[in-house]
Amino acid sequence: MNDTSPDRTEQELREALQALADGVQAAPDAYRTARGEWLRRERRRRLILAVLIAVVFAVATLIGLWVLNQAPSAPGVIFSGADQLGQASLFQPHP
């Protein structure tokens, strides 16, 4: 009769995976290759991040300069007509 208990199934699976693992041979320089590839990816990631930060900073600076350039060169609303109403100006000394 067939014995399909969980213990037997687990044992057969363990033996099959062990046989498969025994057949795998690692390349002699596998670690060095994997580490070199990881370091290249890390350098590339850092370079992309630095370029992205520089681009965001440059765009923010350009937007700020553009906004400041859009300000009207005429006097603002706050000080318009202050001298016309006979009020003292901030830039003139009191007698």
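Visitor: Why is Arg-14 called partly exposed?
Guide: In this predicted model, the relative accessible area of Arg-14 is 46%. Buried means under 20% and exposed means over 50%. The value of 46% for Arg-14 lies in between, so Arg-14 counts as partly exposed.

Visitor: What makes the contact of Arg-14 with Glu-10 a salt bridge?
Guide: Side chains of opposite charge can pair when their charged atoms come close. For Arg-14 and Glu-10, the closest N and O atoms are 2.9 Å apart. The cut-off is within 4 Å, so the pair of Arg-14 and Glu-10 qualifies as a salt bridge.

Visitor: Where do Arg-14 and Glu-10 lie?
Guide: Both are in helix α1, 4 residues apart, which is about one turn of the helix.

Visitor: Why is Glu-10 called partly exposed?
Guide: Glu-10 has 43% relative accessibility. That falls between 20% and 50%, so Glu-10 is partly exposed.

Visitor: How do you know that Glu-12 and Arg-8 form a salt bridge?
Guide: Their side chains meet at 3.1 Å, N to O. This is within 4 Å, so the pair of Glu-12 and Arg-8 is counted. Glu-12 and Arg-8 lie in helix α1, residues 6-22, and are 4 residues apart, about one turn of the helix.

Visitor: Are Glu-12 and Arg-8 buried, partly exposed or exposed?
Guide: Glu-12 has a relative accessible area of 42%, and Arg-8 has 37%. Each value lies between 20% and 50%, so Glu-12 and Arg-8 are both partly exposed.

Visitor: What makes Glu-37 and Arg-41 a salt bridge?
Guide: The closest N and O atoms of Glu-37 and Arg-41 are 2.3 Å apart.

Visitor: Why is Arg-41 called exposed, and Glu-37 partly exposed?
Guide: Arg-41 has 54% relative accessibility, which is over 50%, so Arg-41 counts as exposed. Glu-37 has 34%, which is between 20% and 50%, so Glu-37 is partly exposed. Elsewhere, salt bridges that share partners join Glu-42, Arg-45 and Arg-46 into one network.

Visitor: How many salt bridges does the structure hold?
Guide: The structure holds 5 salt bridges.

Visitor: Why is Val-59 called partly exposed?
Guide: Val-59 has 43% relative accessibility, between 20% and 50%, so the term is partly exposed. Val-59 is found in helix α2, residues 30-69. With Leu-47, Val-51, Val-55, Ile-63, Trp-66 and Val-67, Val-59 makes a nonpolar surface patch of about 680 Å².

Visitor: What is the secondary structure of the protein chain, and what share of its residues counts as buried?
Guide: The chain has 2 helices and 0 strands. Of its 95 residues, 2% count as buried. The accessible surface is about 9500 Å², and 64% of that belongs to carbon and sulfur atoms.

Note on methods: Residues numbered from 1 in each chain as written. Predicted model: local features only at pLDDT ≥ 70, side-chain atom pairs only at ≥ 80, totals over all residues. Heavy atoms only, no water. Buried < 20%, exposed > 50% of the residue type's maximum accessible area, 1.4 Å probe, protein only. Areas by Shrake-Rupley, 256 points an atom, 1.4 Å probe, with all protein chains shown as cover. Patch = residues over 30% accessible without salt bridge, like charges linked within 9 Å, V, L, I, M, F, W, Y side chains within 5 Å.
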